[in-house]
Amino acid sequence: MPKLGLNIDKYLRTQVLPTVWCPGCGNGNIVEGLATAFSRMEVDPTRVVVVGGIGCSGRTPFYVQTNAMHTTHGRALAYATGLKMAQPDLTVVVTAGDGDALAIGGNHFIHAARRNIDLTVLLYNNGIYGMTGGQRGPTTPFGSRTTTSLAGNIERTFDTVEIAMAAGATYVARTTTFDMQEIPLRIQEAMAHPGFAVVEILTQCPTYYGSLNQLGDASDMLIWQRDLTDGVPVKMLNREELLGPLRTGVFRNEKVTEFTQAYSDLCSQVGGNYGHN
Amino acid sequence: MNPEPNKNNQKLVMGNEAVAMGAIAAGCDFFAGYPITPATEILEEMSKMLPPRGGVFLQMEDELSAIAAVIGAAWGGSISMTATSGPGFSLMQENLGYASITQTPCVVVDCQRGGPSTGLPKLASQGDVMQARFGSHGDRPTLVITASSVNDCYESTVFAFKMSQKHRMPVILLIDGVIGHIREPVELPPAPPPRKATFPKIDADSPRFGDAPFVPFGHGPVTVVTGLAHQSNGLAETQKGSHTEQMIRTTIENICRDPEIIDSWALKYQLDDADVAIVAYGITARSAREAADLLRADGIKAGLLDLKILWPFPNEILRELAGKVAAIIVPELNLGQMVLPLKAAVGGRVVVHSLNRADGTLLTPNDIAEFAAKQLNSIEERTHA
Amino acid sequence: MATIERDQVRIRLAGRGSQGIMLGGTILAEAAVIDGLMVAEIQEFGPEARLGAAKADLIISKGQIAFPVVHQADFLLCLSRPAYVRYSTTLSMNGLMIAEETLREEMGDSFRVTYIPFRAAALELGKELYSNIIGLGALAALSNAVTKESLQNAVRARVETETLTENLAALDIGYELGYKQVPQQIGSRWANAAR
């Protein structure tokens with residue numbers, strides 16, 4: 001287990017536990033993965049800011065013992081962009097849900113990706129609006145039941161990976177809360193990546209998505225996630241196969257000029273000395 | 001009027017340019033914005049001035065992200081600002097509330113245009129004065145400063161930054177399309193060299209909010225910032241918002257007691273012996289000043305109270321004025337916004353007449369003077385009847 | 001309502017986009033600054049400024065300028081037909097319109113309008129582009145709003161070095177054309193306005 005030999009408690013804000021999340025929610029797995037990644041990388045908590053939006057995922061910053069910025073709905077990436085530009089040597093991790101990052105904040109998601117600014121985005125995809133009680137979201141699978149699509153969702157589903165890649169993210173990966181070992185690995189890779197890094201993490205919402213779609217309890221949903229994602233490593237697949245919505249692994253890992261670096265170069269060109277205080 | 005001959009070292013500067021120059025003078029090292037008429041020149045000027053100083057200029061994807069980036073940058077230790085006009089200002093309201101509840105120092109410039117909606121992009125308006133106060137949901141402390149000349153644009157911007165840091169809050173500078181685009185000769189000091197903001201040292205268990213000083217991320221111990229109601233240590237309190245209510249009350253009290261605010265609240269022009277007072281602000285205050293002269297030339301003792309800070313509203317000054325004059329005229333380029341708190345402040349002790357225009361046309365000195373004369377005549381007629 | 005002598009001149013420069021109206025406004029405003037006068041200038045911006053009707057408004061004054069916007073112009077320089085049509089109604093009661101000669105045939109003569117062949121003079125100098133500076137010269141001659149020396153200095157500060165000689169010549173031509181037209185009543189009316 002990821003905890004072996006590591007004391008991740010140092011990176012958890014234990015005084016505010018328990019979390020607001022429902023029993024069986026997958027978000028705790030992600031927090032554990034994040035704390036594990038921090039622990040392995042031995043980050044200085046004062047040099048890391050975890051920026052969250054609104055919704056279940058947005059509460060993550062409260063639970064990790066680093067700087068925390070819990071912002072407004074959809075805007076976490078815009079806050080993070082300003083923060084990173086103001087102090088480029090801070091490590092900035094953004095936690096956002098599918099509704100937060102792809103519906104209300106979809107514009108910021110594609111533009112942050114386009115800039116290739118050095119942010120790590122953990123995109124919690126539970127296919128539903130959990131905090132407000134189970135409404136349809138942009139990643140709700142076609143046909144699924146939610147409290148606003150009781151007869152089945154007739155809207156098509158966003159593919160986070162495809163959007164991130166099309167918008168220009170330079171590190172793109174997908175994993176699930178079933179793949180507990182993989183989560184910290186992907187987060188570590190994303191944090192080490194100099195550029196806009198997106199890790200989509202499928203996370204179960206047994207309270208709403210599970211019960212409305214008769215998928216059983218949390219452990220049943222983990223099995224369901226395992227079966228949805230076939231476990232074939234991405235690099236073994238061709239382009240057509242990659243287009244399926246639920247492949248896991250690393251889809252892109254490229255070095256392209258990062259935005260704070262580009263900005264620093266621009267300042268130098270006109271005689272300015274940017275950042276790095 | 002005291003004509004003062006210009007010195008030849010004066011330069012022609014546009015109002016919007018003066019805002020940008022004032023920001024740089026105040027130490028602004030971060031600007032994020034989105035193009036919008038009639039505020040765009042501020043964005044363009046900042047894009048030219050910041051990179052050579054090592055400051056950050058970001059053109060964002062919309063106004064929502066512009067204000068969000070500005071707040072994020074403040075928490076990154078920058079002295080930050082954005083500028084917009086009505087439609088963009090509307091989009092910024094939610095995050096302005098976030099800046100208030102998180103006590104984030106930053107400056108937002110709204111170069112007003114005719115509304116509602118796309119309205120009259122190029123034309124003058126004072127339609128956002130209530131939005132500047134009440135636009136964001138919930139109660140919050142507000143400090144809204146105006147400008148009625150190019151020189152004002154510079155000085156009010158410097159003042160806005162100073163107050164935003166002193167009171168840990170977003171400060172709004174309200175100008176309009178005419179003030180933003182007019183060019184007048186001004187003599188401004190050269191831009192100071194770039195400097196990094198410094199922050200006080202605090203301990204891990206020091207309070208972060210309420211009366212505590214502003215210490216951004218990376219400049220001290222780990223800090224939690226949230227738009228939820230929170231305690232002074234930053235941790236959310238979702239069952240009772242007493243700390244947040246107290247913070248808002250205290251900030252409002254602090255602003256209202258601040259001698260720098262009290263001194264800047266309003267300018268008085270020929271009010272000592274006035275029978276009629278015109279209360280105006282921004283571009284309309286310039287027409288009103290000339291209107292007061294016109295009325296005096298006609299034998300009517302008129303004066304002007306030029307409001308330099310709209311919010312908090314200078315209740316005391318208005319109460320005092322109400323005891324001295326027979327009538328108050330409130331010309332505004334909207335359908336009657338600042339007249340509402342004014343009426344509340346004077347409490348019926350004096351007749352208040354509202355003169356409004358919202359078609360993008362300015363109220364001229366003659367418009368105001370004729371209106372005032374007419375109202376006074378009708379008061380006299382009633383008194384003699 | 002009483003009127004107050006303000007010792008100020010309200011000027012509107014109008015023409016087509018690309019006729020150098022905005023630059024003309026800037027030069028005139030800077031000349032006023034050099035003369036130690038108060039000035040408020042506002043130029044047309046937004047889509048209209050690009051779609052053809054360019055405009056620059058100035059108030060030049062000995063004293064502080066309270067109301068800074070030109071609603072009624074004392075001097076209206078019109079270089080194009082649309083500008084004439086659009087702004088002729090904004091001429092003040094005793095104002096003078098200074099218009100491009102080629103508009104005379106269509107618009108007709110009036111005691112409020114003086115026509116000057118800016119376009120022809122500019123073409124003679126080499127480029128139609130010089131119309132704005134010739135116009136400024138004529139306007140300055142007729143309005144006496146700024147001194148010629150200041151106007152020359154403002155031109156020096158604002159035009160490209162390569163075309164400076166031609167622009168200064170254009171200014172001279174403008175003055176000459178303007179002086180030729182000076183109707184006595186206008187000359188006396190504004191003689192002391194801004195000196």
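View 1. Chain A and chain C have no contact joining them, and their closest C-alpha atoms are 24 Å apart. Please keep in mind that this is a predicted model, in which local features need pLDDT of at least 70, side-chain atom pairs count only at pLDDT 80 or more, and totals for chains, interfaces and linings use all residues. To find your way around, residues are numbered from 1 along each chain as its sequence is written, while chains are lettered from A and ligands numbered from 1 in the order in which they are written.

**View 2. An open sheet of 7 strands in chain B.** Follow the strands in the order E3-E2-E4-E5-E7-E6-E13, with mixed pairing. Helices (H or I, at least four residues) and strands (E, at least two) are DSSP runs, numbered from the N terminus, and two strands pair if DSSP finds at least two bridges between them. At the edges of the sheet sit strand E3 (56-59) and strand E13 (309-311) of chain B, each pairing on one side only. On average, neighbouring strands are turned by 20° against each other, direction ignored.

**View 3. Strand E2 beside strand E3 in chain B.** Strand E2 (residues 30-33) runs parallel to E3(B), and 4 bridges join the two. Look for B:Phe31, which stands opposite B:Phe57 in E3(B).

**View 4. Where domain 1 of chain B meets domain 2 of chain B.** Chain B is divided into domain 1 (1-264) and domain 2 (269-384), with bounds that come from an automatic or database domain assignment. Their C-alpha centres lie 29 Å apart. Domain 1 brings 28 residues to the contact and domain 2 brings 21 residues. On the domain 1 side, H5(B) gives the largest share, 4 residues. This side divides into 18 nonpolar, 8 polar and 2 charged residues, where Ala, Val, Leu, Ile, Met, Phe, Trp, Tyr, Cys and Pro count as nonpolar, Asp, Glu, Lys and Arg as charged, and the others, Gly among them, as polar.

**View 5. Helix H5 packs with helix H6 in chain A.** The axes of H5 (residues 106-115) and H6 (residues 160-167) lie 8 Å apart at an angle of about 45°. Axes are lines fitted to C-alpha atoms, for helices over the stretch in contact, and angles run from 0 to 180 degrees between N-to-C directions. H5(A) and H6(A) are therefore oblique to each other; angles under 35 degrees count as roughly parallel, over 145 as roughly antiparallel, 65 to 115 as roughly perpendicular and the rest as oblique. A:Ile110, A:Ala113 and A:Arg114 of H5(A) make the contact with A:Ile163, A:Ala164 and A:Ala167 of H6(A).

Technical notes
Contact = placed C-beta atoms within 7 Å.
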